[in-house]
Each structure stands twice: as C-alpha cells, then as structure tokens.
Amino acid sequence: MSLASKLSLLALASCVAFSGTASATANAWDSANPWGTATLSEHAEWNNFASASNNTTPQFGSDATLTVSPSGTPNSPFLFSGDIYTFNSVASFTATLTASSGVFDVYLRAATQGNFLSTTATLNGISATNVLAYTASASQGVEQEVFWKWANVTAGELYTFKFSGSAPHVLLDQLSLSTVTAVPEPETYAMMLAGLGLVGFMSRKRSQKRAFVA
C-alpha cells in the first residue's frame, strides 16, 4: 500500500472517530444563538455539505454560497458524511450572503471538530475575532462552536466572509450566515435626544422672534 493510500485511510479513520465520539447532536447547535431572541433578517445555514469545494444550496435560507480551497490537489479537502475535512492542507473558506438594504449586525457561526479555525475572519475586508461559544473534548481533537460578529454594518449588494483553518485536520460540521437589524447603542440614543432638544430649542427661538416682530 502506498504512503498516500495509508494517509488517506488514516484521515478517514480520524473522521470516523470524530463523528463517533463527538458529544454534539448531529445537525444541531449545542450553543445558544449568538443573536439571542432577535428576528433574523437574512439567514443561510449548512448542516450537511454537498461538496468539499463548492456549496450553493444551504439547507436553510437561500442566496448563499460556500467555496473551499485548495481544490484539485492531492491534499484538497474532501467530503465525509456531509462534513468538509481539511486533510493535509490549511483550507481557506469564502462564503457569501445576499444583502438587503439597511444597517445590520452580521454573524458568521461555525461548528468544527479536530483542529481549530483561525480566530480572525473578515466581512467585506473588515476583521473580527471569534467568540468561543461551546467546546467539548473528543478522543480525536476537540469540538468547538464559535461565532464572529460585525456590528452596525450598512448592507451593500453582498456580504463576503473569509475565514480559514489554523492548521490541517479541521472538520467543518456546520456553518451559518445571519443578519439582524442593528439596535442603536445608548450613546446613539443620547445624541438623538440631544439633537431633538436642539431642534425644539431653535423652533421656540423662531416662534419667540416672530411674536416679538408682530
């Protein structure tokens, strides 16, 4: 048996161990929604991937894609039981979600086993650091659920997310892309109230001036 064949079998055995010993419920998140009870404006989610390189039809939602590189090489990620396994390479992921007009908080959420994803991801070129929402030990590596959040994003035509593995041997189990309408920060409300107060003051001054002239 060639070395490449042995390595492939080892990778498959590792994947079997991941799926057999993981404490996570299949196709279900173990952590709470990072957006809480807020109503989602846009949402796309993959619980099972159809391809190791190009996914255009999420199980939930629509108008979203996920591509993975490198592809077409001996060390390319491959599909195993609906998950994407990055065997002997550090994979890069690009996901897109159609945007609607408005200002939103935007979330990228991922569930993995084995090695970890890199802590930094970008949304349309803007970086964010992930938040660890869930972790559990497994006989082969660790399960993790993480999310990234970008606040007060003015929607264009498309959200483009980029993230990657921190090392080879990452099993991507679930992925979601979500937006909720942004809630103004307290200081924003204070500025609005101050502005309204100034408008009211100027209106009173004009009224008094007109009354004096009359």
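Predicted model: local features only at pLDDT ≥ 70, side-chain atom pairs only at ≥ 80, totals over all residues.

Modeller: Leaving aside neighbours within four places in sequence, serine 31 is in contact (heavy atoms within 4.5 Å) with Arg109, Ala133, Tyr134 and Glu145. With glutamate 145, the link is a polar contact between the two side chains, at 2.6 Å. That term means a pair of N or O atoms within 3.5 Å; within protein, one must be able to donate a hydrogen and the other to accept it, and residues adjacent in sequence count only if both atoms are side-chain atoms.

Serine 31 lies in the loop between helix H1 (3-21) and strand E1 (40-46). Helices (H or I, at least four residues) and strands (E, at least two) are DSSP runs, numbered from the N terminus. Serine 31 counts as buried because its relative accessibility is 13%; buried means under 20% relative accessible area, exposed over 50%, partly exposed in between (1.4 Å probe, protein chains only).

Residues are numbered from 1 along each chain as its sequence is written, and side-chain values use heavy atoms, with hydrogens and water left out. The chain's mean pLDDT (the predictor's confidence in each residue, from 0 to 100) is 82, and 72% of its residues reach 70 or more. Over residues 1-24, though, the pLDDT is below 50, and this stretch has 34 contacts in the model beyond near neighbours in sequence.
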